[in-house]
Amino acid sequence: MDKIFINGGNPLRGEVTISGAKNAAVAILPAIILAQDVCRVENIPAISDVDMMIRILHQLGAKTKMIDDTTYEIDSSTINSYVVTHDMTKHLRASYYLIGALLARFGRAKVAMPGGCNFGVRPIDQHIKGFQLLGAEVSFKENAMIDVEAPELTGGLVYFDVVSVGATINLMLAAVKAKGLTIIENAAKEPHIVDLANFLNSMGADVRGAGTDVIKIRGVEQMHGCTYSIIPDQIEAGTFMVAAVATKGEVLIKNVIPKHLESITAKLLQSGATVEEYDDSVLVKGNGRPGKCNVKTMPHPGFPTDMQPQIATMLAIADGTSIVSEGVWDSRFQYVEQLTRMGANISVNGKAATIEGVETLNGSPVKADDLRAGAAMLIAGLVAKGTTSIENIVYIDRGYDNVVGKFQALGADIWRVNDADSPKALDDSEAV
Ligand code: EPU
């Protein structure tokens, strides 16, 4: 298993180009199943979650062709199975999007559920409620297989009790070919929901209202192939923004949609940084030691939970005391133990962490407990005095495209080594 090493202390300086959005890519790739045709998808990030999704499509019978580093052509007309086994899904949380897509294509989906993740229980009751409201029968089989069947899906009104990105996406996938009108109320509004809607519409679907809390989907009989470019990754961009401020550097972050970054920009401005927005880039500058600020994560357009560990790491070296509250997941503070080893002063009480800023962190061996916890360890290593080594970096590989190369190009002293002695990092119950 590889490890990442960082000699901290270098301010990040220069330019970085953001890759395509992971959480859009893992929804758009299964959506190709609906086209029964060739789709060309551009700006696909080179991350392991995407590799796994493409492998699953291939195993189901799709023809997949890599055109260049970021572009794939996928022909889903040859898909001939609605069964996705545990071997295929065990490391990929987003594999549950295959349920909505296969159900819409074949009237049936048998998909092994991915395990829970490190930051608490991850129920799918809202997904199931949605499928049932469209007329599907849902049953659970041995080996954690979920079997969803509907000879004919019929549009209906689906009100989600919680705002769920996954349930919104899964219902959109199931409803695009259902008979009549589906209305999703209390829908999630994340940028990747809008991106999926745009992709589905490019394939001939009729999806309106994505990005608001009511999405209306009028079912169509046929969908077709298209060419589509995935939006830039909001969280990768946010991670570089926070890293720039935490290291007191100055970085031009290119290929972004500044509007998607507003909640992150607001917190960086509040902590004393400078953020200049351009058409498709942001210039982020740290002005000395960051100042304290309080952060509460919320569904979009609130501050993203997927940026919580990274901003908490910046606040760990800020001047003053900050409170970071988690408003999406039951708990997402596992990384605090690792930061504490590096000298951070953080106490967690339920869904809130009180962070007493310290002058600096000290390099130390740490591990990535999940993807964004891994991003937090990268930022901690970049600011710390001395050398930090990060284990379990398979998590980081899931969501960050060439992260070591990108930080190196910004002047960080960071490198990756293969360490055959590192413990096996993933088990079957850990997926983002
Ligand atoms: N929830 C339910 N029932 C459901 C579904 C969700 O109670 O049926 C609850 C969850 O327990 C949670 C809240 O609703 O408390 C929000 O969960 P959501 O369904 O929105 O999360 P998700 O779809 O499983 C996606 C991202 C996560 C990100 C969350 C929130 C993907 C593949 N994953 O997960 O991304 O944290 O939305 O924005 O899109 C990451 O990229 O690091 C990551 C974990």
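## Close-up views of a predicted model

**View 1. Thr 247 counts as buried, at 8% relative accessibility.** Buried stands for under 20% relative accessible area, exposed for over 50% and partly exposed for the range in between (1.4 Å probe, protein chains only). The model is predicted: local features need pLDDT of at least 70 and side-chain atom pairs count only at pLDDT 80 or more, while totals for chains, interfaces and linings use all residues. Residues are numbered from 1 along each chain as its sequence is written, and side-chain values use heavy atoms, with hydrogens and water left out. Thr 247 sits in the loop between α8 (234-246) and β15 (250-254); helices (H or I, at least four residues) and strands (E, at least two) are DSSP runs numbered from the N terminus. Not counting residues up to four places away in sequence, Thr 247 touches Asn 10, Pro 11, Leu 12, Leu 382 and Val 383, where contact means heavy atoms within 4.5 Å. A polar atom of the Thr 247 side chain lies 3.3 Å from the backbone oxygen of Ala 244. A polar contact is a pair of N or O atoms within 3.5 Å; within protein, one must be able to donate a hydrogen and the other to accept it, and residues adjacent in sequence count only if both atoms are side-chain atoms. Between the C-alpha atoms of Thr 247 and Val 162, which are 85 residues apart along the chain, the separation is 37 Å.

**View 2. Helix α8 is largely enclosed by the rest of the structure, since 13 of its 13 residues are buried.** At 1.5 Å a residue its 13 residues should span 18 Å, and the end C-alpha atoms are 18 Å apart, which agrees; the expected span is 1.5 Å times one less than the number of residues. At the start of α8, the backbone nitrogen of Ile 235 has a side-chain oxygen of Asp 233 within 2.8 Å. Lys 248, which follows α8, has a positive phi, near 60°.

**View 3. Helix α12 (residues 371-383) is mostly covered, with 13 of its 13 residues buried.** Its 13 residues should span 18 Å at 1.5 Å a residue; the end C-alpha atoms are 19 Å apart, which agrees. The N-terminal end of α12 is capped by Asp 370, with a side-chain oxygen 3.0 Å from the backbone nitrogen of Arg 372.

**View 4. Lys 3 and Glu 391 form a salt bridge between their side chains (4.0 Å, N to O).** The pair ties together parts 388 residues apart in sequence, because Lys 3 lies in strand β1 (residues 2-7) and Glu 391 in strand β23 (residues 387-391). A salt bridge is a side-chain nitrogen of Lys or Arg within 4 Å of a carboxyl oxygen of Asp or Glu. Lys 3 is buried, with a relative accessible area of 14%, whereas Glu 391 counts as partly exposed at 23% relative accessibility. The structure holds 20 salt bridges.

**View 5. Asp 49 meets Lys 22 in a salt bridge (4.0 Å, N to O).** Lys 22 lies in helix α1 (residues 22-31) and Asp 49 in helix α2 (residues 48-60), so the pair ties together parts 27 residues apart in sequence. Lys 22 counts as buried at 6% relative accessibility, and Asp 49 does at 2%. The side chain of Asp 49 also meets that of Arg 398 in a salt bridge (4.0 Å, N to O). Arg 398 lies in helix α13 (residues 394-399), so this pair ties α2 to a part 349 residues apart in sequence. Arg 398 is buried, as is Asp 49.

**View 6. Glu 190 is buried yet has no salt bridge.** The nearest side chain of opposite charge, Lys 189, is 8.1 Å away; Lys and Arg count as positive and Asp and Glu as negative, with His and the chain ends not counted. Glu 190 lies in the loop between β11 (181-185) and α7 (191-202). Leaving aside neighbours within four places in sequence, Glu 190 is in contact with Val 165, Pro 299 and His 300. The peptide bond from His 300 to Pro 301 is cis, with omega near 10°.

**View 7. The largest nonpolar core has 82 residues, of which Leu 98, Met 172, Phe 199, Leu 200 and Met 203 touch the most other members.** A second, separate core of 71 residues includes Leu 12, Val 242, Val 366 and Ile 396. A nonpolar core is a set of buried Ala, Val, Leu, Ile, Met, Phe, Trp, Tyr and Cys residues joined through side-chain atoms within 4.5 Å.
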